[in-house]
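Please consult the sequence and the structure shown below while reading.

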Amino acid sequence: MREAGWFAAALLLVTLGSCEQSTLLADIQKDVNLASETIEAPTFTPKGGVFRWYPPSVTISTPTKGASLFYSTDGSPLVFNNLGQTKDTTFRSETNSFTFGPVNFPTYRVWHTLRALAWRDGKTSGETQARFGIAGDGGVRWAQATLVPTTGRTTGVAQGIDETVYAVGWISTPDEKTQGFLVQLDKEGNTLSGPYYFPAPSKVTAAATDSYGNLYVIGTNPNGFLAKYTPKAAPAGLERQWMVESDKAVDFSGLALFASGASVYALIVGTIPADTVSPVTLRSADSSGALAKIIPLYKTGRTGILTKYLVHDATNPNKAGAVLDAGISSEPAGDDWFQSVAAAPSGAFALVGGFKPATSPINFGGQMVTGTLGRRNPLILSGNASSGLNLNWSRSAIAQGPADGELTAVAINPSSGEVAVAGFQEGIIPWDWGAGKLYNGPSAGKNTVLAAYFSGGNVSGVGGGFGSTEDSVLSALVYGNFNPQFQGRPLYVVGSLASGGASFLIKFSGPPHYIMWTRRIGSPEGSILYSSLATNPNPTDKLVIGGALGDKAVDFGTGGILQTGKPGESALVLQVFD
């Protein structure tokens, strides 16, 4: 029958014209090619991943012409017969490229496994699978706790203009010292380069990026240091441009950047240890003649210090690294320390910390601040660094009884100049945060507290009790990108519970700062500690958090379950949707 069939076709060809003959031969050859052609497996665009809410529209396609696509969106096996008829949860597209929207995904799932294959004339391709996750507000997009191979902690994070992520911190060395590290990651949380290590003993405490793509890090070794890095084009990596440091021990703890024209400036806060022999010299890396600033000391207690550096000059790179100004408290007695600093594009800044006065009030750069003698008092100093380091206002909080308090984090709204501060106050007693605005803590221990001040220094609101347990801590604050839906710029705060079991992220609206949502991760079995927080310089919906992960498994939701297997703490960085 096969021979007769072909013979009949051949006779038919004899009776046709040359054009008709070639057409029929082409059709026969096409059928032969189709029968022997490999059915190529489909691809997905995007290829999968974690999304804030519903995954975007997904395109399934195969280069095989004439093929149909079978797919399921809930991970179910693909079920069909030789005729291409589907059943159960398998769907069919008659074309070799098909796009469907979020409505096609089941709404009740956190994870969606998409399965697909191509089919034509009873032949199938291999199957392609991809996972699409829904993290939700504050959900973890990815998490990484293998930044460094040994025990350590992430103390600072930053995001670049290209969404590159930087993590800094310290590890524990075999001889029980600490050693600072720096790691560069891509926007998906994969290590691009590093870890880069600083000579022990050292700690890297904070990081920041500018609009030119440069990275700046600060820390102590035990002298205070500032270093500038530029990303390499290829292969991925970082190149150190310069590093400057003090001639004596200074604990640099806070870093903020602002730009003016072609210049970028860094504000650094820190603390000079008690009983340091005067003076302390801050050196420059530049060749313009501004080689150093000499800081005389007037007391034996700890001394808070604020410094200003020119870190980038697009018109004259040789000027970068110059220390321009430095300011400290000038009281001969007492104890004070600076923890964190924030800056706006205008050069407006605010710093926070604490002071324990032997006399009151204390003179901070011409600002007279009143505090409770012999107790730790919260401290806020605000000014403008566009020309010099000029303080405009200062605030503290006064306890209505014997108690300690301190501020650990600060953020400044680049649009309105509002200053937000976070820290703790002790006791079930009222604390006055200005203009009679009182907050009474719920526990006898440390109570978390968050306060906001207008740009002129008048308090706009105060609240606390975040974390819901005694001795919880607030570690970092940051304002998000402007959004009219949130009454301006939202405010984010991270902290950890006193038990060490879990950490939390809270999103507030713009003023009057009501809570929009909270996210808590961790448990007593799997501890986690949040220590730092950063937004992206470009308007995105992602935040980066740094901290430490305990030696037990922690479920980060769509970010995965992490268990490092190392004893003690592991340096952690994660990205969340805001």
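Strand E3 (residues 58-61) is joined to strand E6 by four bridges, and the two run antiparallel. Here strands (E, at least two residues) and helices (H or I, at least four) are DSSP runs, numbered from the N terminus, and two strands count as paired if DSSP finds at least two bridges between them. The residue opposite Ser61 is Ser97 in E6.

The model is a predicted one, in which local features need pLDDT of at least 70 and side-chain atom pairs count only at pLDDT 80 or more, while totals for chains, interfaces and linings use all residues. Residues are numbered from 1 along each chain as its sequence is written, and side-chain values use heavy atoms, with hydrogens and water left out.

**Two open sheets**

The pairing of E3 with E6 belongs to an open sheet of three strands, with the order E1-E3-E6 and antiparallel pairing. Strand E1 (43-45) and strand E6 (97-100) are at the edges; each has a single partner strand, so one side of each has no neighbour in the sheet.

Another open sheet of three strands has the order E31-E34-E35, again with antiparallel pairing. Its edges are strand E31 (398-399) and strand E35 (438-440), each with a single partner strand, so one side of each is left without a neighbour in the sheet. Two bridges connect E31 with strand E34 (residues 430-432) in the antiparallel sense. Within this pairing, Ile398 has Asp432 in E34 as its bridge partner.

**Nonpolar cores**

In soluble globular proteins, nonpolar side chains tend to be buried together. A nonpolar core is a set of buried Ala, Val, Leu, Ile, Met, Phe, Trp, Tyr and Cys residues joined through side-chain atoms within 4.5 Å. Buried means under 20% relative accessible area, exposed means over 50%, and partly exposed lies in between (1.4 Å probe, protein chains only).

The largest core in this model has 25 residues, and Leu226, Leu255, Tyr309 and Val311 have the most contacts inside it. Several strands each supply at least two of its residues, including E15 (203-209), E18 (238-249) and E23 (303-313). Strand E20 gives the largest share, four residues. Another core, of 23 residues, lies apart from it and includes Ala350, Ala399, Leu407 and Val449.

**Aromatic rings**

Rings of Phe, Tyr and Trp (its six-membered ring) pair if their centres lie within 6.5 Å; planes under 30 degrees apart count as stacked, over 60 as edge-to-face and the rest as tilted. The model has 13 aromatic pairs by this rule. Two stacked pairs are listed below.

| Stacked pair | Distance between centres | Angle between planes |
|---|---|---|
| Phe98 and Phe100 | 5.8 Å | 25° |
| Phe258 and Tyr265 | 5.3 Å | 25° |

Phe98 is partly exposed, at 24% relative accessibility, whereas Phe100 is buried at 3%. Both Phe258 and Tyr265 are buried. Phe98 and Phe100 also belong to one aromatic cluster with Tyr71 and Phe91.

Charged groups are found over rings as well; this requires NZ of Lys or CZ of Arg within 6 Å of the ring centre and within 35 degrees of the ring normal. Lys203 lies over the face of Trp170, 5.0 Å from the ring centre. Likewise, the charged end of Lys446 is over the ring of Phe424, at 4.7 Å from its centre.
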